[in-house]
Amino acid sequence: ELFNTSYAALFVYEEKTNELAFVKHSGKEIPFFKINVSARPEPFAVYAMNGPGPILMERLSAYELETRTFFSRTPVDSYLVNSTISIPLVIRTEGVKPMQVGVLMLAQRKVFDPFTLDEFQMAFYIGELLATAISNCRIANEIRVIAETDDLTKLMNQTIFSEKLGD
């Protein structure tokens with residue numbers, strides 16, 4: 001339990017398909033799903049990833065009224081009934097456009113027990129670490145593919161082909 005959080009969800013952005021993939025959460029079983037980032041009205045997870053930055057709110061419904069923004073619902077939104085933190089996962093490199101990699105959502109199930117500003121700041125730091133970890137995994141995967149693939153034919157290179165035959 002992360003600083004009294006009763007719910008956490010992680011979405012990872014897939015640039016090739018322009019979708020947010022629901023990866024993991026701490027609630028009851030929700031089937032895997034993806035959200036089209038271009039969908040209108042946009043789901044809260046997409047807004048949280050592309051929006052104004054980290055969000056600390058009391059309730060999703062109150063936030064919608066306050067900002068006059070209404071979101072299409074996903075199965076995850078049913079957990080956002082009390083205090084919620086949403087952190088866009090972004091890689092920032094000097095001189096390069098920021099790269100969106102996903103969104104982290106944390107929620108309380110207890111009424112009248114909002115997140116503190118210290119918890120909000122801690123969640124932001126955790127989000128930065130998650131964004132870096134996701135980016136590093138993607139880079140490692142790209143390097144593996146380059147190392148295992150013949151550049152001309154895009155097929156497995158001889159070393160990998162021989163290893164697969166030996167298995």
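Strands β1 and β6 (residues 96-107) pair in the antiparallel sense over 6 bridges, where strands are DSSP runs of E of at least two residues and helices are runs of H or I of at least four, numbered from the N terminus. Two strands are taken to pair if DSSP finds at least two bridges between them. The model is predicted, so local features need pLDDT of at least 70 and side-chain atom pairs count only at pLDDT 80 or more, while totals for chains, interfaces and linings use all residues. Residues are numbered from 1 along each chain as its sequence is written, and side-chain values use heavy atoms, with hydrogens and water left out.

Strand β1 (residues 7-14) is largely enclosed by the rest of the structure, because 6 of its 8 residues are buried. Buried means under 20% relative accessible area, exposed over 50% and partly exposed in between, with a 1.4 Å probe and protein chains only. A further 6 bridges join β1 to strand β2 (residues 19-25), and these two strands run antiparallel. Val12 stands opposite Gly102 in β6 and opposite Ala21 in β2. Tyr13 stands opposite Leu20 in β2. The hairpin of β1 and β2 has 4 residues between the strands, and Asn18 there takes a positive phi near 55°. Strand β2 also pairs with strand β3 (residues 34-36), in the antiparallel sense over 3 bridges; Glu19 stands opposite Asn36 in β3.

The largest nonpolar core has 27 residues, and those with the most contacts inside it are Phe11, Leu20, Phe44, Val76 and Met105. A nonpolar core is a set of buried Ala, Val, Leu, Ile, Met, Phe, Trp, Tyr and Cys residues joined through side-chain atoms within 4.5 Å. Two or more residues of this core come from each of β1, β2, α1 (44-50), β4 (55-57), α2 (60-67) and β6. Helix α1 gives the largest share, 6 residues. A second, separate core of 14 residues includes Ile87, Val101, Phe115 and Phe120. In soluble globular proteins, nonpolar side chains tend to be buried together.

Leaving aside neighbours within four places in sequence, Leu20 is in contact (heavy atoms within 4.5 Å) with residues including Phe11, Val12, Tyr13, Phe33, Ile35, Ala45, Met49 and Val103.

Several backbone angles were also noted. Most residues other than glycine have a negative phi, and most peptide bonds are trans. The peptide bond from Arg40 to Pro41 is cis, with omega near -10°, and Pro41 is placed in the loop between β3 and α1. Arg68, in the loop between α2 and β5 (84-93), has a positive phi near 55°. Arg68 is exposed, with a relative accessible area of 73%. Lys154, in the loop between α3 (117-148) and α4, has a positive phi of about 65° although it is not a glycine. Lys154 counts as exposed at 57% relative accessibility.

Leu165 is placed in helix α4 (residues 158-166) and is exposed, with a relative accessible area of 63%.
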